[in-house]
Amino acid sequence: MRQITLIPGDGIGPEITDAVIKIIGSSGLEIDWDIQTAGSDVAQIEGEPLPSRVINSIKKNKIVLKAPVTTPIGKGFRSVNVALRKKLDLYANLRPCKNLPNIKTRFDNVDIIVVRENTEDLYAGIERQIDENTAESIKIITRGASERIAQFAFDYAVNSGRKEVCAVSKANICKLSDGLFLESVRTIAQKFPDIKYREILIDNLCMQLVQKPEQFDVLVLPNLYGDIVSDLCAGLIGGLGVAQGANIGKDYAVFEPVHGSAPDIAGQDKANPTALLLSAIEMLKYIGEDTYAEKIEKALLKTLSGKVLTADLGGNAKCSEFREEIIKNL
Ligand code: NAI
């Protein structure tokens, strides 16, 4: 039986994980979940939020399904999510944003793939306090990481029948760093004459996305712009409750929703498990379990077209009721 590392996270993490595991189990697919806890509760007991047992499990299983883990703001330990991406060199953050049935948004035809560089930029975490009134954060952009993410974006475009890749930057202001990012993407673009290549500045992109999102296909961005734009794109398709994601490297892949641990609704059986379920569906496709992935996807889409919906989607169903409706539709 296939073993997969499962990180249930905290906040709403355990509730939505429980729903997704039950749905996958009801589909008939048997998975041996290797459950690995991480986060602040773990830090209190084991002395660190991401103990080596978690990394060892991932190194063994290669594939991870992960729910959100809270990161303390301004102080405390560094993000478990960022640490995982670094330790496993998960250099590509993939966030498909496509309209779902029955989820009313301002736009009908959004189908954007956000490819975010995941390892450098301001997330390198190189910061220092110069004096009481001045802090400094260093933005790192390298040719190697930029070419690698560009290659991923173009490969993805080819393999999924996409037509265009658009590189996003602020190279008019960050001439050296974002300039190097653009130069690197251009180098890779030349190897893909069949994929249209285009460039746009991040500020213009934000405006275009909220006016005419249908014009965009695959976007490739440095880390920080990618982080912000992928939440914006999640908003275009109905919000964080339905936005899936994956962090992919050469050896390992971690599938997780875009949203965080939602402490405001945690423990209330209110959370929408769709984003984690869509991430799990992508994971099943990634490991070659297409038949089960399609079966679960069909049941999810049927459920989303019905009336049993969670509050973020305009309904009044609990997470557990929504889960049962999906299981009924399987
Ligand atoms: P958040 O994504 O947790 O919540 C933002 C808003 O969206 C809240 O109103 C929340 O109730 C709602 N929401 C999020 N997911 C939902 C779902 N599945 N169903 C229904 N409503 C949902 O963002 P926030 O509040 O900025 O972050 C909370 C914590 O999560 C922070 O500690 C942050 O660092 C962490 N975080 C972890 C991530 C991860 O593990 N990959 C990603 C993003 C944030």
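Which of the 21 residues around the ligand come nearest? In this predicted model, they are V69, T71, G260, A262 and D264.

**Polar atoms around the ligand**

Some specific atom pairs are worth a look in the viewer. Here they are side by side.

| Residue | Part of the residue | Ligand atom | Distance |
|---|---|---|---|
| N81 | polar side-chain atom | oxygen | 2.9 Å |
| E256 | N or O atom in the side chain | nitrogen | 3.1 Å |
| N272 | backbone N or O atom | nitrogen | 2.9 Å |

As for how much of the ligand gets wrapped up, it has 810 Å² of accessible area on its own, and the protein covers 69% of that.

**N272, from the other side**

You'll find N272 in the loop between β12 (253-255) and α9. Is N272 buried or exposed? With a relative accessible area of 4%, N272 sits under the 20% cut-off, so it counts as buried. One is the side chain of T274, joined to that of N272 by a polar contact of 2.7 Å. Another is the backbone oxygen of G241, which the N272 side chain reaches at 3.4 Å. If you skip the neighbours within four places in sequence, the residues in contact with N272 are I16, G241, V242, T310, D312, L313 and F322.

**Helix α10**

Now for a helix. α10 runs over residues 290-304, and its 15 residues reach 21 Å from the first C-alpha to the last, close to the 21 Å expected at 1.5 Å a residue. Its buried residues are A293, I296, A299, L300, T303 and L304. Looking down the axis of α10, those buried residues fall within an arc of 135 degrees, so they line one face of the helix. Turned away from the buried side of α10 are the exposed residues T291, K298 and K302. What covers the buried residues of α10 includes α1 (13-26), α9 (274-286) and α11 (319-329).

**F216, a buried loop residue**

Last stop: F216, in the loop between α7 (202-211) and β10 (218-221). F216 is buried too, with a relative accessible area of 3%. Setting aside neighbours within four places in sequence, F216 is in contact with D111, I112, C166, R198, I200, L205, Q208 and L209. The C-alpha atoms of F216 and E164 are separated by 7.9 Å, with the two residues 52 apart along the chain.

Terms used. Residues are numbered from 1 along each chain as its sequence is written. This is a predicted model: local features need pLDDT of at least 70, side-chain atom pairs count only at pLDDT 80 or more; totals for chains, interfaces and linings use all residues. Side-chain values use heavy atoms; hydrogens and water are left out. Helices (H or I, at least four residues) and strands (E, at least two) are DSSP runs, numbered from the N terminus. The expected span of a helix is 1.5 Å times one less than its number of residues. Buried means under 20% relative accessible area, exposed over 50%, partly exposed in between (1.4 Å probe, protein chains only). The arc is that of the directions from the helix axis to the C-beta atoms. Contact means heavy atoms within 4.5 Å. A residue is near a molecule or strand if one of its heavy atoms lies within 4 Å of it. A polar contact is a pair of N or O atoms within 3.5 Å; within protein, one must be able to donate a hydrogen and the other to accept it, and residues adjacent in sequence count only if both atoms are side-chain atoms. Accessible areas come from the Shrake-Rupley method with a 1.4 Å probe; for residues, only the protein chains shown count as cover.
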